[in-house]
Amino acid sequence: HDLNQELYLWALKCLGVGNHQNATVSGEQRFLERHLASCDGPQPVILDVGANVGAYAMLALSIRPDARVFAFEPGPEAFKKLRSAGIASGFAALPFACSDRVGEQVLYDYADAPGSEHASFYKAQFEETLNSRAMGTPVTCVTVDSFLQSQNIDQVDLLKIDVEGHEMAVLRG
């Protein structure tokens with residue numbers, strides 16, 4: 001029984017469960033160092049979809065200062081912090097969600113603590129999974145394709161997506 005429990009916990013750790021303390025523990029820093037070093041040419045394009053307050057965008061720029069980083073965060077409270085980080089660090093902070101269609105959608109967050117990294121398009125995440133009251137806010141959605149076309153970008157070197165269960169919709173867009 002103890003061996004099974006240890007194997008189970010080891011397997012979860014290998015999948016990245018519980019490895020979110022910082023970029024070193026999660027492996028994100030090592031990944032970025034290796035990947036961004038292999039990008040050909042100057043100014044690799046990085047899209048940080050679900051940027052929250054910008055930690056990933058800032059890490060990417062610390063490794064590759066010449067990168068063009070576009071950080072998307074639709075939650076109004078988190079976006080305020082993202083915008084400040086973007087100004088200070090030199091990345092573009094965008095107040096949009098990425099999805100499979102352009103338009104408006106309701107983003108849910110904790111009713112008593114908006115601006116969390118758990119914001120999601122799925123109300124049940126709060127009410128059923130997190131056992132918390134949710135508050136909905138209408139947000140503007142773009143597709144990755146429509147954004148790239150508007151910026152005349154034909155190549156993305158890195159697409160990071162952390163959108164609390166909405167990843168497939170981002171990829172379809």
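This is a predicted model: local features need pLDDT of at least 70, side-chain atom pairs count only at pLDDT 80 or more; totals for chains, interfaces and linings use all residues.

Modeller: Residues are numbered from 1 along each chain as its sequence is written, and side-chain values use heavy atoms, with hydrogens and water left out.

Biologist: What makes H3 and H4 oblique to each other?

Modeller: Helices are DSSP runs of H or I with at least four residues, strands are runs of E with at least two, and both are numbered from the N terminus. The axes of H3 (residues 28-37) and H4 (residues 55-63) cross at roughly 45 degrees and come within 10 Å. Axes are lines fitted to C-alpha atoms, for helices over the stretch in contact, and angles run from 0 to 180 degrees between N-to-C directions. Under 35 degrees is roughly parallel, over 145 roughly antiparallel, 65 to 115 roughly perpendicular, and the rest oblique. H3 and H4 are therefore oblique.

Biologist: Which residues of H3 and H4 make the contact?

Modeller: Contact means heavy atoms within 4.5 Å. On the H3 side you get Glu28, Gln29, Phe31, Leu32, Glu33 and Leu36, and on the H4 side Tyr56, Leu59, Ala60 and Ile63.

Biologist: Why are S3 and S7 said to stand at the edges?

Modeller: Strands pair if DSSP finds at least two bridges between them. The open four-stranded sheet has the order S3-S2-S1-S7, with parallel pairing. S3 (92-94) and S7 (158-161) each have a single partner strand, so one side of each is left without a neighbour in the sheet. Further in, S1 (residues 45-49) and S2 (residues 68-72) are joined by five bridges, and Leu47 has Phe70 of S2 as its bridge partner.

Biologist: How do you know that Asp48 forms a salt bridge with Lys160?

Modeller: The term needs a side-chain nitrogen of Lys or Arg within 4 Å of a carboxyl oxygen of Asp or Glu. For Asp48 and Lys160, the closest N and O atoms are 2.6 Å apart. Asp48 sits in S1 and Lys160 in S7, so the pair ties together parts 112 residues apart in sequence. The structure holds six salt bridges.

Biologist: In what sense do S5 and S6 pair?

Modeller: Antiparallel, over eight bridges, with S6 spanning residues 134-142.
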